[in-house]
Structure formats: structure tokens, C-alpha cells
Amino acid sequence: MNETRFMGDLLGSYVLASRALQTEGPMLLACRARSISSREAVLCAPVAGSLGERLSLSFQELGKLRAVVSRRFESGVAAELDLDEAEREALDTRIQWLKR
């Protein structure tokens, strides 16, 4: 599959697994995707989480996505998306539409 990448600002939100089961409820955090493909997302995010930590991402234009923190930066994280092949193809189609 030829992978499509969107470069730009895409507003969204996320929940880190370590903060999902808090007694006050999950801690929903705002984020901005700077780059996203069907394999990886690079996010500006206030809380980075630990390497290998699972997170749930949500973008109005792309829907809900599962991911794992693969790299940490001063301003956020890179997250490897946890999708099966059909989900990757569907996300790639949505990214192509977003790039128009």
C-alpha cells in the first residue's frame, strides 16, 4: 500500500492509558497532529506519556484511533498507530480526502 501523509495542523484530543482509569474519570487532553499517516502520528501534546504507553486519539476529520507512544519530544510525542490492514486503508482514504 502506498502510504499518504498529511502535514499540517489537525486539532484533536487524546487519553493516555495511565490516566484513563482515574476516579474523576479519564483525563482528556487536547493535542495537535503536526503529521499523520496510516502508520504514525506526530503530536504536539501537553503530556507525553511513557514510551510504549497506549493512548486513544480522536480527530473530527479522521475518527478515533488507537496508538502506542514510540518517541517523546519536548513538545509532544510520536505515536505508532495500532490498526489492522482494513483500518489502515480506511484511514489512508480519509487522509487523502483531507489533503484536497
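Two strands pair if DSSP finds at least two bridges between them. By that rule, S1 and S4 pair in the antiparallel sense, over five bridges. The model is predicted. Its strands form a closed barrel of six, in the order S1-S2-S3-S6-S5-S4. Helix H1 packs on this sheet, and the largest nonpolar core has 26 residues.

**Barrel and helix**

- The pairing around the closed barrel is antiparallel.
- On average, neighbouring strands of the sheet are turned by 45 degrees against each other, direction ignored.
- H1 touches S1, S2, S5 and S6. The direction of H1 makes about 130 degrees with that of S1.

**Nonpolar core**

- Ile36, Leu43, Leu55, Leu57 and Phe59 have the most contacts inside the largest nonpolar core.
- Seven elements are listed as giving two or more residues to this core: strands S1 (6-16), S2 (29-36), S3 (40-44), S4 (54-59), S5 (63-73) and S6 (76-81), plus helix H1 (85-99).

**Salt bridges**

- The structure holds six salt bridges.
- Glu40 bridges to Arg71, with the closest N and O atoms 2.7 Å apart. Glu40 lies in strand S3 and Arg71 in strand S5, so the pair ties together parts that are 31 residues apart in sequence. Arg71 is partly exposed, at 38% relative accessibility.
- Asp82 bridges to Arg54, with the closest N and O atoms 2.5 Å apart. Asp82 sits in the loop between S6 and H1, and Arg54 in strand S4, so this pair links parts that are 28 residues apart in sequence. Asp82 is partly exposed, with a relative accessible area of 30%. Arg54 is partly exposed too, at 40%.
- Glu87 bridges to Arg66, with the closest N and O atoms 3.1 Å apart. Glu87 belongs to helix H1 and Arg66 to strand S5, so the pair connects parts that are 21 residues apart in sequence. Glu87 counts as partly exposed at 29% relative accessibility. Arg66 is partly exposed at 37%.
- Asp9, Arg32 and Arg34 form one network, joined by salt bridges that share partners.

**Ser37, a loop residue**

- Ser37 lies in the loop between S2 and S3.
- Ser37 has a relative accessible area of 0%, so it counts as buried; the cut-off for buried is under 20%.
- Leaving aside neighbours within four places in sequence, Ser37 is in contact with Glu3, Thr4, Arg5, Leu81, Leu91 and Ile95.
- Ile95 is 58 residues from Ser37 in sequence, yet the C-alpha atoms of the two are 7.3 Å apart in space.
- The Ser37 side chain makes a polar contact with the Glu3 side chain at 3.0 Å. A polar contact at 3.4 Å joins the Ser37 side chain to the side chain of Arg5.

Technical notes:
Residues are numbered from 1 along each chain as its sequence is written. This is a predicted model: local features need pLDDT of at least 70, side-chain atom pairs count only at pLDDT 80 or more; totals for chains, interfaces and linings use all residues. Side-chain values use heavy atoms; hydrogens and water are left out. A nonpolar core is a set of buried Ala, Val, Leu, Ile, Met, Phe, Trp, Tyr and Cys residues joined through side-chain atoms within 4.5 Å. Buried means under 20% relative accessible area, exposed over 50%, partly exposed in between (1.4 Å probe, protein chains only). Helices (H or I, at least four residues) and strands (E, at least two) are DSSP runs, numbered from the N terminus. Axes are lines fitted to C-alpha atoms, for helices over the stretch in contact, and angles run from 0 to 180 degrees between N-to-C directions. Contact means heavy atoms within 4.5 Å. A salt bridge is a side-chain nitrogen of Lys or Arg within 4 Å of a carboxyl oxygen of Asp or Glu. A polar contact is a pair of N or O atoms within 3.5 Å; within protein, one must be able to donate a hydrogen and the other to accept it, and residues adjacent in sequence count only if both atoms are side-chain atoms.
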